[in-house]
Amino acid sequence: MDAKHDVLVIGAGCAGMRAAIAAHDAGADVAMVSKIHPVRSHSGAAEGGINAALGNASEDDPEKHAFDTVKGSDYLGDQDAIEILCNEAPGDVYELEHWGAVFSRTEDGRIAQRPFGAAGEPRTAYAADITGHVLIQVLYEQVLKRDLRVYEEYFAWKLVVDDDRCQGVIAWDLLHGGLKTIGAKTVILATGGAGRLYTGTTNAYACTGDGMAMALRVGVALEDMEMMQFHPTTLSPTGVLITEGCRGEGAHLLNSEGDRFLTRYAPNAMELASRDVISRAEQTEIDEGRGVDGSVLLDLRHLGAEKIIERLHGTRELSLTFALVDPIHEPIPVRPGAHYHMGGVDTDVDGLTSLTGLYAAGECACVSVHGANRLGGNALMETITFGKRAGRHAAEWALSNTAVLVPPSVEADSERELRALLGRAEGERPWTIRDELARTMHENFGVFRREEQMQEQGRIVERLGERYQRVFVEDKGSVFNSDLTQALELGFMLELADCMVVSGLARKESRGAHARPYDYPDRDDESYMRHTLTTLDADGRAQLDWKPVTATKWQPMERTY
Amino acid sequence: MSEAAVHTEAATMQVRLKIWRFDSETGERALRDYEIDAPEWSCLLDVLDIIKDRVDGTLAYRKSCRMMICGSCGMRMDGAAVLACKERMKPIVDSGHVPVISAMGNLPILKDLVVDMEPFWSKMRAMKPWLQPGYEEPPARERLASQEQMNVIHKEALCINCGCCVSECNSMESDPDFLGPAALAKGMRFVGDARDGAEIERLEAYNSEHGIWDCTRCYFCTERCPKGVDPRDAIAKLGAESIKHGIDRDMGAKHAKWFVTSAKTTGWLRETELVPKTQGVVSAIKEVKFAMGLARRGKVPPPFPPHVAEGVGESRALYDLVSEQGRDGAAGIVQGERALARIEHTDEGGARRDAPEITPGETPPHAEG
């Protein structure tokens, strides 16, 4: 064992850093492991904002926030968790402000809030269109203030389980090479999403679902893995995120005929309908020949240069750089792209998984507050509220339990496995498998899903898994061997794809992000108002189980916008 | 999946570039040529991805968000720091130029394009970069602050810690301990924050050796910043705030103050008095021999009688005007939102720093192509 801590957080984005801060403040010795420097984390790319019923822009309260979230989740969210999120959200946002977060302000000096999709009130607190960046910075500042240990550029690869509890992690030291074992009384997974499973995605290269796969490999169930959110406004051709804040500020979506086509899909909420609804509307327009080069158009021109420059400066910068389009003068070409995984590691409201000592928070977890469709602005809020809760709970447990044991055989086995991979003298390069996986997931498991395509995708994933057994790492060196870590990431993603397809096939209904218009166009609360759970069987293939949805006060209703 | 491989239907171009490779295990350094096909919309990062996938898996560089916000992919193109994800390759290919890619400057190279960022972060930590609100108990809700107050630190808050400014910093090249543009911009982010209560302590610390006055004002940091942070502006604001609060013991501060005094009294820079006013009389005496040499070649005007410019009245009036406006300290330097609008966006001629403000209804230069 190379080091030992009370609480070890894997991943250092918003959820990870918030968890580490909470664990430290609860008295624990805490450290973070991250494959990239904390401020590089993909939380920083969140643009639009963070939802809390502060009531700065209208009369608002946590109950309204909770109802919008329950409805937005298409009644798959667990209502106890959603109530916790919405009740704790305002206090958690004030805390970020007290730490120095540079929020935009109202006329009277309060935190500014803007309208967001499927929200009954303007509830999304924001910092221009760089809210995630501002939060990542303020959290890292608080990490520095507390002098918390960060194992920077350590690639977490395996969880150590002994005596039926999680006792640490085995990680590859990217800068210097070599496996390092870090023991811990509790481990918190906060590794983010897995958007890299798709060709068109807003997600960073780092978003390869590492934590979900690590949990899966030690027998912890993944929940609702079929629920991948497609964001309606990703920039063509690269997939870069164009914030929902644009529509919050009043932007229109147009088809090739110049029509605001949402009049036919969401006549009341229009551009501020839920993300799943708008993504399906766009895809339908594109499929029926009313797209523009495979995209629709996001028109900001009527907002005027001043508002665009002041509140959507980052959006303009992205659009100018990656599409050569100035939104002051031309509409932005956008299309649906893989954005956020509602599914993830099955946890309770304190982030605890079924394995003692193992927690998860943020996008890699499924508490579940987002159910079948996440509302814009709720992801950042979840990272903070549930990151904090997981950190506090993990610290309390760690402080009342002492021994950490990593059997030497665990380290030796990992070393042998790694040397075998690096020792392979020939085989298939990872990128061919990776590109085929991402392309086929997009084709067969995208905005709309068909039974036969999902079955085909299951076979493709299996074949890719077989090819992965011969994957060839060309770089044999020890310093910054990203060729090795990218191969390990691909192994993670293949297992997650299997879980997604198995869950998708089992859910014979249309709910939120899981849309089956050709065979099961309706929501079926009788049979499917429940969560899918996937684990690995003895052969390493995904197997399915179910878990009930927790309802407190809201009964399912028809969902229209 | 690499972005480049996603859009196989896109038109492609043939990209040539050279990369300075470095193997820290053997110490071997070599400039290698690469030639690949890439989609026309590719940025430098996409090209590196194609090379790593298909040509040489050992090529090392950092990347993550590929949307100019994570700050991972700072490197040099033709000797100037860039974010690889922001540099479109098509204009370069069209011009026939073969760019040379290398690791950032002023930071030790670990492998190929990967540098050791620890010196960067240790300077950041030295700034005590966290809010020190100066109260025991925070208010029940948010602390009130106007948008105008927050705008003061808007540019500094945009910093993504990519290191491009540090890479190009001339002062750091001669003094590796210089705090540097990124850390000092972070310092201004707190000094300028109306909610921070540790302004004086911060300014004292940033005024020490290797601090704000060691900046040579070459503006390379501002020139190369991919986010429009303008670190040199931040350093200027810290200097102005220091003088406003009487923190002026450093020679740099005295130097700046003498410029003001000299311009106000004579309308000229009285260079002969600059040295004693900056360094003190004792120290200045040691420079007499050097000064005599300069004087013999006509480089030093005689100090007596002080030469007063013909239009000194104008200079004095300007001084009085600025004094009346109360624009001392950082307020005299803030450029605010108008500067933001002038951030350079693309190499294809998007809004540039030196371009006038784009007004609604006008077509920007790039839209014509």
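Reply: The account below takes chain B as its subject and then turns to chain A.

This is a predicted model, in which local features need pLDDT of at least 70 and side-chain atom pairs count only at pLDDT 80 or more, while totals for chains, interfaces and linings use all residues. Residues are numbered from 1 along each chain as its sequence is written, and chains are lettered from A and ligands numbered from 1 in the order in which they are written.

Chain B contains 18 helices and seven strands; these are DSSP runs numbered from the N terminus, helices being H or I of at least four residues and strands E of at least two. Of the 369 residues in chain B, 41% are buried, that is, 20 or more other C-beta atoms, placed from the backbone, lie within 10 Å of the residue's own. Two residues are in contact if their C-beta atoms, placed from the backbone, lie within 7 Å. Among contacts in chain B between residues at least 6 apart in sequence, 66% join residues at least 24 apart.

Chain B is divided into domain 1 (14-115), domain 2 (118-134 + 145-249) and domain 3 (251-332), with bounds from an automatic or database domain assignment. The centres of domain 2 and domain 3 of chain B, taken over C-alpha atoms, are separated by 26 Å. Twelve residues of domain 2 of chain B are in contact with ten residues of domain 3 of chain B. The domain 2 side of that contact has four nonpolar, three polar and five charged residues; Ala, Val, Leu, Ile, Met, Phe, Trp, Tyr, Cys and Pro count as nonpolar, Asp, Glu, Lys and Arg as charged, and the others, Gly among them, as polar.

The contact between the chains takes 61 residues from chain B and 61 residues from chain A. On the side of chain B, the elements giving two or more residues are helix 1 (3-6), strand 6 (109-111), helix 5 (147-151) and helix 18 (336-340). Helix 1 of chain B provides the largest share, three residues. By class, this side of chain B divides into 29 nonpolar, 17 polar and 15 charged residues.

In chain A, three strands form an open antiparallel sheet in the order 3-5-4, where strands pair if DSSP finds at least two bridges between them. Its edge strands are strand 3 (50-51) and strand 4 (113-114) of chain A, each pairing on one side only. Within strand 5 of chain A, A125(A) stands opposite Q113(A).

Key. Buried ≥ 20, exposed ≤ 12 C-beta atoms within 10 Å, placed from the backbone.
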